[in-house]
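Below is a short briefing on one protein chain. It covers the fold, the surface and the aromatic contacts.

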Amino acid sequence: MNRLRDLAGYGANPPDIRWPNGAGLAVNFVLNVEEGSEYSVGDGDGRSESALSEVRASRVPQGARDLAAESMYEYGSRVGLWRIHDLFRSRDLPMTVFASALALERTPQIAQAIAETDWDICAHGYRWVEHYHLTPETEAEQIAQAYDSLTQTIGRAPRGWYCRYSASTATRGLIVAHGGFDYDSDAYNDDLPYWTEVDGNAHLVVPYTMVNNDAKFLSGDVFSGRDFGEFLIDGFDVLAAEAQTRTRMMSIGLHSRIIGHPGRLAGLMRFLDHIAGRSDVWICGRDQIADFWREAQPPGRGG
């Protein structure tokens, strides 16, 4: 598929609408659940995962199991996820789960805990692997496998799709051809959802973020939880001010094995305190954003 770039977007004329209850800013928290689906020697990959781990490069010879890296990922499913789960449940906050299907197959207690919430599900691959390495045929198989697996483990189908960085040139067409997804989030190019055309079909994109993302702890952009919290607060304040006249959306990306450590979670908690009780903010799931946009800004109405 030849996916053309759109460098203009909404430009100076974003849609003149409001979110539910007149809110100007929609805030969406995303929890990436990947632990157990990453590259591993045990799954026949010939190497252990090295990305988004506390150690940037494996010190173990290629082809051998990196037990330290495996253990760092296990922290996410053993401890971090439950800490985040309890925080959001205690505050009665919605969340979107970017779920790698195999991760939930291997952690049935986590799958059950998510099933018992109303958090919406966005498929994050069958495994946490790069789809741009796959042939279109294999990619189509894995998209279908992820959809079916998540529907089984969670008890409800994923509404959206999001690749591990980055989508292939075929991904969006395969998502549309599958027919089970309402949107994808394989874009970082806007502060609002937008419609695109895929093989003659209108398709909704709900952009994601690498900016408001706890991966910054591991890239070295921030170190302390306080720094991360202040960064989120600054971004929120600018968007909230803009949202008095222009509708805006803020995505926040989280990972159990990263933000799930106490010193980092403290920064997220400060941010939650900062936005609590704001009547001009809609805290919501991505499924809610997609449903609202489809109703308020259907294809062909400038968005």
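The chain holds ten helices and nine strands, both taken as DSSP runs numbered from the N terminus (helices are H or I, at least four residues; strands are E, at least two). Its radius of gyration is 19 Å, close to the 19 Å that the globule rule gives for 303 residues, so the chain is as compact as a globular protein of that length. The radius is taken over C-alpha atoms, and the rule is 2.2 Å times the number of residues to the power 0.38.

This is a predicted model: local features need pLDDT of at least 70, side-chain atom pairs count only at pLDDT 80 or more, and totals for chains, interfaces and linings use all residues. Residues are numbered from 1 along each chain as its sequence is written, and side-chain values use heavy atoms, leaving out hydrogens and water.

**Packing**
- Of the 303 residues, 52% count as buried, meaning under 20% relative accessible area with a 1.4 Å probe, protein chains only.
- The C-alpha atoms fill a box of roughly 55 × 45 × 35 Å along the principal axes.
- Among contacts (heavy atoms within 4.5 Å) between residues at least 6 apart in sequence, 73% join residues at least 24 apart.

**Aromatic pairs**
- The whole structure has 14 aromatic pairs, counted for Phe, Tyr and Trp rings (six-membered ring for Trp) with centres within 6.5 Å.
- Tyr-147 and Phe-181 pair edge-to-face (planes over 60 degrees apart), at 5.3 Å centre to centre and 75° between the planes.
- Tyr-147 lies in helix α4 and Phe-181 in the loop between α5 and β5, 34 residues apart.
- Both Tyr-147 and Phe-181 are buried.
- Ring pairs also join Trp-19, Trp-282, Phe-292 and Trp-293 into a cluster.

Key. Buried means under 20% relative accessible area, exposed over 50%, partly exposed in between (1.4 Å probe, protein chains only). Rings of Phe, Tyr and Trp (its six-membered ring) pair if their centres lie within 6.5 Å; planes under 30 degrees apart count as stacked, over 60 as edge-to-face and the rest as tilted.
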